[in-house]
Amino acid sequence: MPLPRRSLLAATAAASLLVACGSDDAAPPPPSNAQLRAIHASADTPAVDVFVNGSRALAGVTFGQASGFNTVPAGTTRVQVSPAGQPASAAAIDVSPSLAAGRDYTAIAVGSGTTGATRLQAVLIDDAGAAAPAGQAKLRVVHGAPAVPAVDIFVTSPTADLPASPTIPALAFAQQAPAAASAALTVPAGDYRIRVRVAGQTAIAFDSGTVAVPAGGDLVVVAVPDAGPSLSPIQLLLAPKGANAAFVRDARAALRVAHFAPDVPAVDVFLKAPGAANAASNRALQNVSFPTDSGFLNVAAGTYDASVALAGTLTGVLNLNGAALARGTSTSVFATGLLGGSGPQALALRAYSVDRAPVAGKAKVRVIHLSPDAPAVDVVVLSGGAIAARPVTNLAFPNATSTSLQLDPGSYTLAVVPTGASTPLLPTAAGVTVTLAAGDVVTVVAIGALSAPGAQPFQFKVLNDR
């Protein structure tokens, strides 16, 4: 795919960096100068102003913005970063690096808070400023996500398997690779894929998908927090020399599969390219029994066919074709219905989009009615065995609540009753107690059957959506 681009507010030309003053005498030799730019890479820091040698050089720079390179005198240069509109004396970052003539410097604001190793701070990249060799591109990487431990970074072709050794191993917060004043990585122009793992772990924490790196490109790549909803705690901020910066978010989609058909034996689940046949190579889950769920699996975004076959076989008994899994989205696919059922009760694979974004100070609860022979229900909150609240009414199989309930942290006993009634469906299914913390996101699913012969009984299942 082409390199993502997004218009950013330019670091205003009117707010240029200091220009040395001349004198009335004969013009002295021109001063030796360096080039300096700034990148705002602190996700929870509001807009900032940047001061150079006491003068406001950049105003109102927001997260994700990068300025152009500006000419500054070589030598000791004081760089201060203050909240937008505040004076230099309010600086949260105040550094005085020594800048060598003829070199390019990038000052990157990273971190969070005011104390500790992950505090707001500046990472200074020192580069000779030479152009990339013909047909090549230059690349530097900075770890700017304060909540993420040291990471291993793999830069490969888009379809390559993950190699045994990372391109950049164990890069810790506020570190850069290669080191400042060292030559940048040079890579042939072309399409690449950047994958990140927490050092020492095997799970992929970030997958860029295909990123185009042009010939002559000179890129600074900063791993920064992704506030979500996202499949990764980080995203990449790409800051090319001479062009606007842009974010690259995780390219994957999340898929959760569950067996909620109460009278169907164990099954295998297949996830495959559209039109492909079920095969061992595209078997995603094996021997899944009611009411097992897979949890969220990260897969490449795209369009898929899903198929369910009895365990150990390849013949699909349930199929869902053309399921679009978009980048950054989460989807649940549930096997529902009854053997021999008709109409809404027929066996089917049903897809439900999942909003996994937390709400500050609240817990989010979604309810789905997947008991095929149960009537339309109300979702109620029980207290002392009595109904204390009725937050959802007239929810019929196989529907989900249109919006999630937002509840204060605490313990709740949730139950379903026939619409308008006051008695739970079954004495043995009087409710499920859910303890919720602020930021939790869960789905409560009513599954099983009330009276279908040979079916698993009516029950609740709580799915963690985070």
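The following report describes selected local features of this predicted model.

## Aromatic pairs

A pair of aromatic rings is described by the distance of the centres and the angle of the planes. The structure contains four aromatic pairs. In one of them, Phe334 and Tyr352, the ring centres are 5.7 Å apart and the planes meet at 35°, so this pair is tilted. The pair connects distant parts of the chain, with Phe334 in strand β27 (residues 330-336) and Tyr352 in strand β28 (residues 348-354), 18 residues apart. Phe334 and Tyr352 are buried. Together with Phe260, Phe334 and Tyr352 make up one aromatic cluster.

For Phe458 and Phe460, the ring centres are separated by 5.6 Å and the planes lie at 80°; the pair is therefore edge-to-face, because an angle over 60 degrees falls in that class. Phe458 and Phe460 are both buried.

## Charges over rings

## Strand β16 and its partners

Strand β16 spans residues 190-198, and seven of its nine residues are buried, so the strand is largely enclosed by the rest of the structure. Strand β12 (residues 151-156) pairs with β16 in the antiparallel sense through six bridges. Within this pairing, Asp152 has Arg197 of β16 as its bridge partner.

Strand β17 (residues 204-213) also runs antiparallel to β16, and seven bridges join the two. Arg197 stands opposite Ile204 of β17. The hairpin of β16 and β17 has five residues between the strands, and in this hairpin Gly200 adopts a positive phi near 90°.

His143 belongs to strand β11 (residues 136-143). With a relative accessible area of 2%, His143 is buried, because that value is under the 20% limit.

Which backbone atoms does the side chain of His143 reach? One is the backbone nitrogen of Ala145, at 3.4 Å. Another is the backbone oxygen of Val148, which lies 3.2 Å from a polar atom of the His143 side chain. Leaving aside residues up to four places away in sequence, His143 touches Val148, Pro149, Ala150, Val151, Leu171, Ala172, Phe173, Ala174, Gln175 and Ala223.

Terms used
Residues are numbered from 1 along each chain as its sequence is written. This is a predicted model: local features need pLDDT of at least 70, side-chain atom pairs count only at pLDDT 80 or more; totals for chains, interfaces and linings use all residues. Side-chain values use heavy atoms; hydrogens and water are left out. Rings of Phe, Tyr and Trp (its six-membered ring) pair if their centres lie within 6.5 Å; planes under 30 degrees apart count as stacked, over 60 as edge-to-face and the rest as tilted. Helices (H or I, at least four residues) and strands (E, at least two) are DSSP runs, numbered from the N terminus. Buried means under 20% relative accessible area, exposed over 50%, partly exposed in between (1.4 Å probe, protein chains only). Two strands pair if DSSP finds at least two bridges between them. A polar contact is a pair of N or O atoms within 3.5 Å; within protein, one must be able to donate a hydrogen and the other to accept it, and residues adjacent in sequence count only if both atoms are side-chain atoms. Contact means heavy atoms within 4.5 Å.
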